[in-house]
Every structure is written in C-alpha cells, then in structure tokens.
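Hi everyone, thanks for making time. Today I'd like to talk about charged side chains and how they pair up. Let me put the structure on the screen.

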Amino acid sequence: MILVAEDHLDSRDALKTLLEAVGYRVEVATDGRQAVTKAVEKHPALILMDMMMPEMDGFEATRMLRRRADMKDVPIVALTALDGARENVLAAGCDDYVTKPIDMPAFLEKLERWLSTGRRHSF
C-alpha cells in the first residue's frame, strides 16, 4: 500500500487514480498530521509526501516518522515544486523526491524501483 499525503484535492485524486490504475492500493492523507497517523496505523510500503501542507508540513511529518523505529525503513518520496529541494528533503529524512509537475513515466519507474527494493536507501 502507498500512502499519498497531499493537500491539493486535484493532485491527490490524480495520484490516487493513477496509482490504482496501475495496480497499487492507495491510502490518502490531506495534511502532515493525518499522514503521520495513517502511516503509523497502516504501515505503508512507501509514502509520497507533499512537502507544503497545512496543519503540519511534509518536512515535520517526515521528521516525526523518522524518529519512530517502526517507520525508519519505510521509503518516503517527497513531492515538491520547490527549486533546490534535494538538500532540504534529505535533511528532513526523505529518501528521494519528485518535482511537480510530475513526469508520469519517470515517476512510476521511480516508485517501482523503491517498492522492489523492500528497504530504505539513499538516492
């Protein structure tokens, strides 16, 4: 199961639809707090984390998840439109990132690579 943490309704729905169309089970969260709660409850195989969300942003949500022993090995891929995001998302604990707008073929290839490894590694 993939957890999609994205506050923008259209983006969240598009990601959910795309991922389900290629065979993934998807759970969604609309802000960072909900992402942390759902990740702990559902133990996803991978988390797609929007970095700019209300309530709690993706940076803080990622840092909270990384402090938990049961979440340390779950790959977190940042979704961001921020230029120069690589250093910031790495510092927060993300394993990889995808820039918006999303290049769908490259995005799906990246997800498949992360999901096939079954463990966390750096990009």
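Let's begin with R63, which counts as partly exposed at 34% relative accessibility. One thing to keep in mind as we go: this is a predicted model. The partner of R63 is E60, and their side chains form a salt bridge with 3.3 Å from N to O. E60 is partly exposed too, with a relative accessible area of 28%. Both residues sit in helix α3 (residues 58-66), three residues apart, which is about one turn of the helix.

Now over to helix α1, residues 9-21, where K16 and E20 are four residues apart, again about one turn of the helix. Those two make a salt bridge, and their closest N and O atoms are 2.7 Å apart. K16 has 27% relative accessibility, so we call it partly exposed. E20 is partly exposed as well, at 37%.

Next, a pair that joins two elements: D96 and R113 form a salt bridge, with the closest N and O atoms 3.8 Å apart. D96 belongs to strand β5 (residues 96-99) and R113 to helix α5 (residues 104-117), so this pair ties together parts that are 17 residues apart in sequence. And is D96 buried or exposed? It's buried, because its relative accessibility is 3% and the cut-off for buried is under 20%. R113, on the other hand, is partly exposed at 40%.

To finish, how many salt bridges does a search of the whole structure find? The count is eleven. There is also a network of salt bridges, and it links E6, D50 and K100. Thanks, friends, and over to you!

Terms used. Residues numbered from 1 in each chain as written. Predicted model: local features only at pLDDT ≥ 70, side-chain atom pairs only at ≥ 80, totals over all residues. Heavy atoms only, no water. Salt bridge = Lys/Arg side-chain N within 4 Å of Asp/Glu carboxyl O. Helix = DSSP H or I, 4+ residues; strand = E, 2+ residues; numbered from the N terminus. Buried < 20%, exposed > 50% of the residue type's maximum accessible area, 1.4 Å probe, protein only.
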